[in-house]
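Below is what I'm looking at, and after that come my entries.

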Amino acid sequence: MTKPEERFHTKITTQMPDMGTAPLPIEPYISAEFFEKEREKIFRRAWLEVARGEELPNPGDYVVREIEVLKTAVLLVRGDDGVVRGFHNVCTHRGMAVAICDKGHAKGFICNFHGWTYDLEGRLKGMPGEEYFPNLDRADYGLRPLATDTWNGFVFVHWEPEPKMGLREFLGDMATQLDEYPFARFNHIARYSARVKANWKTFIDAFHEAYHVMMVHRHTVPDACAGQENPYGLLSSARIYGPHHSGSVWVNPAHTPTPSETLAWKYGMSFAPGDMVDLPGLNPDNSPNWWFDINVFFPNFFIDVGPGWYFTYNFWPVSVDESTWEMNIYQLDAESAGQKFAQEHTKVLLRDILYEDLSTLEFAQKAMGSGVLKHLPLSEMEIAVRHQLHTVQEWVNRP
């Protein structure tokens, strides 16, 4: 009689593509030629999350997003009809930016170079000396649009004005899993950002597996997601939705809370392991000993959801070995001083955890670039890392 398998395994609850088991190649992380293919075949062909709708609450509100991998700045503006539209922040006359602040409110946009003016829908409305442009039709010189759409308050853009696939179809069952999550009930409480000398995939790979927690986060959350039953921090369950994926982080039922965690959970909800809050969209596989879900929207956007909080990551490539990153944290409204304290606990704990995460990235990138490493051996514990590169390679190899 064979002895039952005692090792902890991640439960896969969707169909899994054949991704092989071989070590990952180094080239996609260090090759400038591969990076240019990613720019053309991934970032100019995928829907990209760029803002929350609450950032533009009123007609005329706008924000500008510099997207270096697209070599453009995107101007998002809410029109008088309430629709958020995206344009390249470029005057169609000589290329000057039409919005020179990162955000603001406007009735229209005036180019500070020669004074061409545009309305909130991007139409060219005026041009000084128009009589000296005898063959120019204003209708041909509106602001250049990007396809723009919104899901659950998240604003996405697409490089192509008329992409072959709409946003909802692109997000697929990854969005379905979170359709009912009450994002609108949450308030923005903090933003962190960094610019790091690491490939964007190296950056992402540090954030969607929990194998590293017992070592990298041994000072902040040492026993949070590893324990006697699951000593190496495997995910409880994982789901693959086309190019996207989702994993549920196991929590150690024997976790010993620190005094500050205990106090935070006494009055509110914290990122630290604590009580369960019943919200739709959480823990989709009803995994026992659940902490939170890591939801990865290909190619570069995360929504991690937990009991009473969620946060997002945007990983933006700058070059083959440099990336920028932004984190936004949201929590349910604080209705008391105690709940406010719990929110502060979340902000500070996540700040410390993120410092630890960021400490590994440039070492890893430097090692891959040195030629010392020839490949990256992966385990079952790093299934999300394998799926991310599998998808990247699939997209890059498309016609």
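**Starting at β6**

I looked up β6 and β11 and found that they run antiparallel, joined by two bridges. Strands here are DSSP E runs of at least two residues, helices are H or I runs of at least four, and both are numbered from the N terminus. Two strands pair if DSSP finds at least two bridges between them. Phe87 has Pro145 in β11 as its bridge partner.

Housekeeping: this is a predicted model, where local features need pLDDT of at least 70 and side-chain atom pairs count only at pLDDT 80 or more, while totals for chains, interfaces and linings use all residues. Residues are numbered from 1 along each chain as its sequence is written, and side-chain values use heavy atoms, with hydrogens and water left out.

Next I checked β5 (residues 72-78), which runs antiparallel to β6 with five bridges. Leu76 sits opposite Gly86 in β6. The two strands make a hairpin with five residues between them, and Gly82 in the turn has a positive phi of about 85°.

Why is strand β6 largely enclosed? Four of its five residues (84-88) are buried, so the rest of the structure largely encloses it. Buried means under 20% relative accessible area, exposed means over 50%, and partly exposed is in between (1.4 Å probe, protein chains only).

**The seven-strand sheet**

I traced the order as β3-β12-β11-β6-β5-β4-β7, an open sheet with antiparallel pairing. Its edge strands, β3 (48-52) and β7 (103-105), each pair on one side only. Ignoring direction, neighbouring strands are turned by 30° against each other on average. Angles are taken between N-to-C directions and run from 0 to 180 degrees, with axes as lines fitted to C-alpha atoms (for helices, over the stretch in contact).

I also looked at β11 (residues 145-151) and β12 (residues 154-158), an antiparallel pair with five bridges. Thr148 has Val157 in β12 as its bridge partner. Helix α3 (residues 167-178) lies across both strands, at about 20° to β11.

**The eight-strand sheet**

Here I found an open sheet with mixed pairing, in the order β1-β14-β15-β16-β17-β18-β19-β13. The edge strands are β1 (11-12) and β13 (186-196), each pairing on one side only. α3 turns up again, packing on this sheet and touching β14 (235-241), β15 (244-250), β16 (290-297) and β17. Contact means heavy atoms within 4.5 Å. The direction of α3 makes about 155° with that of β16. Helix α7 (residues 337-370) packs on the sheet too, touching β13, β18 and β19 (322-332).
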